[in-house]
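The structure is shown first.

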Amino acid sequence: MDSPAFIICFVLLLLFSVYIGFLLGNWAGKRAVTAREYWLYNLAAIAGCVIAVGLVAWPVMLYAIPLGLLPGWITGLKMGYGESSGPWKLVDRFFNVNKAHRDTAAQGTGEARRRRTRTGEAAPDLISVSGKASGAQDKADSRTRHSATGKRKKR
């Protein structure tokens with residue numbers, strides 16, 4: 001267990017399982033709509049890791065799998081969820097990262113966005129397409145119309 005080949009293989013297996021855990025957690029984070037579902041996914045990952053490490057008699061090399069899946073899952077779950085919650089608020093604020101996640105948590109718009117994404121609804125329109133404020137546009141259109149024909153208005 002102290003040979004360089006064992007250590008290299010263990011580290012590679014650990015890193016690969018972190019990556020796979022991140023992908024799985026990101027998938028689960030996109031499925032979680034409410035904060036309750038988010039924390040249930042976290043608890044399921046922790047319980048699964050504890051059961052896998054505590055009850056299954058793994059060969060020593062394969063202990064890297066559940067130990068790598070857990071941090072990858074938790075991080076991927078947070079990134080897929082798209083909002084800072086729980087201890088992630090402190091981490092994001094301290095390192096000044098994931099500003100969009102912090103803004104979503106502060107505004108409280110994350111759950112509505114995740115619900116729309118899950119059901120396939122369209123996002124709400126953020127601009128007006130009505131013709132009520134077209135006075136300035138009419139003036140601009142008349143200028144371009146006259147410049148296109150080569151005729152100018154006399155003043």
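Leaving aside its neighbours within four places in sequence, with which residues is N42 in contact? With contact meaning heavy atoms within 4.5 Å, the partners of N42 are I74 and L77. N42 belongs to helix α2, helices being DSSP runs (H or I, at least four residues) numbered from the N terminus. N42 counts as buried because its relative accessibility is 5%, the limit for buried being under 20% relative accessible area (1.4 Å probe, protein chains only).

The model is predicted: local features need pLDDT of at least 70 and side-chain atom pairs count only at pLDDT 80 or more, while totals for chains, interfaces and linings use all residues. Residues are numbered from 1 along each chain as its sequence is written, and side-chain values use heavy atoms, with hydrogens and water left out. The mean pLDDT (the predictor's confidence in each residue, from 0 to 100) is 81 for the chain, and 79% of the residues reach 70 or more. Confidence is highest in helix α1 (residues 4–31), at a mean of 94, and lowest in helix α7 (residues 135–149), at 54.

The largest nonpolar core has 7 residues: A28, A32, Y38, A45, W73, L77 and Y81. Such a core is a set of buried Ala, Val, Leu, Ile, Met, Phe, Trp, Tyr and Cys residues joined through side-chain atoms within 4.5 Å. Two or more of the core residues come from each of α2 (35–55) and α3, and α3 gives the most, with 3 residues. Beyond its neighbours within four places in sequence, W73 is in contact with G21, F22, L24, G25, A28, Y41 and A45.

Conventions. Buried means under 20% relative accessible area, exposed over 50%, partly exposed in between (1.4 Å probe, protein chains only).
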